[in-house]
Amino acid sequence: MSTVHIKPAPVTPEEVIAVARDRAEVVIDAEAREAMAASRAIVDGIEREGRPVYGVSTGFGALANTFVEPERRGELQHALIRSHAAGVGDPMPDEVVRAMMLLRLRSLAMGRSGVRPVIADALAGLLNSDITPWVPRHGSLGASGDLAPLAHCALVMLGEGWVRAADGTRLEAGPVLERAGLEPITLSSKEGLALINGTDGMLGMLILAVADLRHLLTMADVCAALSNEAMLGSDRPFQPELHEIRPQPGQARSAANIHRLLQDSEVMDSHRNDLAHAVQDAYSMRCAPQVAGAARDVLAYAETVAAQELRSVVDNPVVLPDGRVESTGNFHGAPLGYAADFLGIAAADVGSISERRVDRLLDVTRNRGLPAFLSPDPGVNSGLMIAQYTAAGIVAENRRLAAPASVDSVPTSGMQEDHVSMGWAAACKLRTILDNLGTLLAVEMLAATQGLQLRLPLIPSPAARAATAAVAPIAGKPGPDQFLAPVIEQVKHLVEGPTLKAEIETAVGPLE
């Protein structure tokens, strides 16, 4: 997708990702310009009539009852942006900032915010010129949306504030705009407020997280299957008829994946009729689809929330086609905060059960004949012992991060904003949890493929052969100890990227 057209209609998650990650060009269609011009005409009419309307002729937040003279309303909007650009901390990643800007542009184009089309053009200009505002990590409470992060974006449109260079350094915005041939904008009434009063930061992070977790859950099924195979587990618990009698949709899909991945394996065939084989495998093996499947169902809920928010006008006040300008609470981030927190809980648990399988693979008393810590020479060598320590530490961190942010609230703005969502915080920590989950699955992928190599000359499943062929050039065969950190890092890139999944699907067919 090289071009995304902005209309007075929702964008898709795929379009958000195309702009955020692949830098697709943004084009504002004529119908969006007409919708914005129509809503702006209503605001201009209010100006002429001299009516007191929040955000047009009054102050903001606790100052909502303070009337502002017409000649100072442009000044008011500029002052709003400068004062609200008060974030601190490390900068947010480019993909988050780009998603946030696109989503604010989308909301303005719906024609309910009362801004001139030139404001939308300025946002599109930043995106198409690959100018990314420096947006600090801390500042948003998810109350009137993501006020501080969006203000840092808007400030760049004014030719002020900071942008993030390609090398990560911080630059003054004015000269960067000048080099790109972009003119700073001058705000009129209502426009500054419209640029910052939205849930676009937390929505952007949620959309990106949904895409990332969808992939990671498929890879979690792959890792569970490989670990099960390496530990001489049974494929019988994954038979479809056993999941039809508990019709949880995500569970059925995960079970189908694992069952498919375990077929055509000499390793699995080697113990099917062995009376000494365990009647039941441990929960971390047997219940893999119940855990990952439940996470899939949480993902489906989060996808629904994100899709609904993409259809929403999130601003305050909003300009209705009949001429009314009404205050709303639509900027409150509770729906997105809950979804992000719920995803964080699910992803943390998927990582937790993955670590438990790694621990079993390394434990000579439970791994059914493999050497201790998967080292052919344990004692002199420690094998993957400390890789499991790393996984255990990450699981502990993810459990702390899984504590929901959305149950917290710190009143602000003189008690006008007395119950906030913390949706930005929920989405930020979700990104950390997902990054940690990628590492946990990488450790399991490494352990499982090493274990399967130790089962030779038994030939593993086609899925396992594809995975081992990808991991072996990085990790080598089980043998003397090596510097593990870069190995884990490279296997993580394999797990998170599309290539390994595609190679496994070539071997076994499409996975859910």
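I take a salt bridge to be a side-chain nitrogen of Lys or Arg within 4 Å of a carboxyl oxygen of Asp or Glu. The model I am reading is predicted.

**Entry 1: Asp 94 and Arg 23**

I looked up this pair and found a salt bridge between the two side chains, at 3.4 Å from N to O. I then checked the cover on each partner. Asp 94 is partly exposed, at a relative accessible area of 23%, and Arg 23 is partly exposed as well, at 36%.

I also asked which residues are linked with Arg 23 and Asp 94 in a network of salt bridges. The network takes in Arg 98, Asp 130 and Arg 164 along with these two. A search of the whole structure gave me 32 salt bridges.

**Entry 2: Asp 121 and Arg 33**

For this salt bridge I noted 2.8 Å between the closest N and O atoms. Asp 121 belongs to helix H5 (residues 117-128) and Arg 33 to helix H2 (residues 30-49), so parts that are 88 residues apart in sequence are tied together by the pair. I have Asp 121 as partly exposed at 31% relative accessibility. Arg 33 is likewise partly exposed, with a relative accessible area of 30%.

**Entry 3: Arg 104 and Asp 200**

Here I read 2.6 Å, N to O, for the salt bridge between the side chains. The pair links distant parts of the chain, with Arg 104 in helix H4 and Asp 200 in helix H9 (residues 200-230), 96 residues apart. Is Arg 104 buried or exposed? I find Arg 104 buried, at 1% relative accessibility. Asp 200 is also buried, with a relative accessible area of 1%. The cut-off I apply for buried is under 20% relative accessible area, so both partners qualify at their 1% values.

**Entry 4: Gln 77**

I placed Gln 77 in helix H3, which covers residues 73-84. Its relative accessible area is 0%, and I list Gln 77 as buried. What does the side chain of Gln 77 reach at 3.0 Å? I find the backbone nitrogen of Leu 193 there.

**Entry 5: helix H6**

I went through residues 147-157, which form helix H6, and counted 11 of its 11 residues as buried. The buried residues include Leu 147, Pro 149, His 152, Cys 153 and Met 157. Three alanines are also among them: Ala 148, Ala 151 and Ala 154. After H6 comes Gly 159, for which I noted a positive phi, near 85°.

**Entry 6: the whole chain**

I finished with the totals. The chain has 20 helices and nine strands. Its C-alpha trace spans about 90 × 50 × 40 Å along the principal axes. Of the 512 residues in the chain, 56% are buried. I then took the contacts with a separation of 6 or more: residues 24 or more positions apart account for 80% of these.

For the accessible surface I have about 20,600 Å², with 55% of that area belonging to carbon and sulfur atoms.

Technical notes: Residues are numbered from 1 along each chain as its sequence is written. This is a predicted model: local features need pLDDT of at least 70, side-chain atom pairs count only at pLDDT 80 or more; totals for chains, interfaces and linings use all residues. Side-chain values use heavy atoms; hydrogens and water are left out. Buried means under 20% relative accessible area, exposed over 50%, partly exposed in between (1.4 Å probe, protein chains only). Helices (H or I, at least four residues) and strands (E, at least two) are DSSP runs, numbered from the N terminus. A polar contact is a pair of N or O atoms within 3.5 Å; within protein, one must be able to donate a hydrogen and the other to accept it, and residues adjacent in sequence count only if both atoms are side-chain atoms. Contact means heavy atoms within 4.5 Å. Accessible areas come from the Shrake-Rupley method with a 1.4 Å probe; for residues, only the protein chains shown count as cover.
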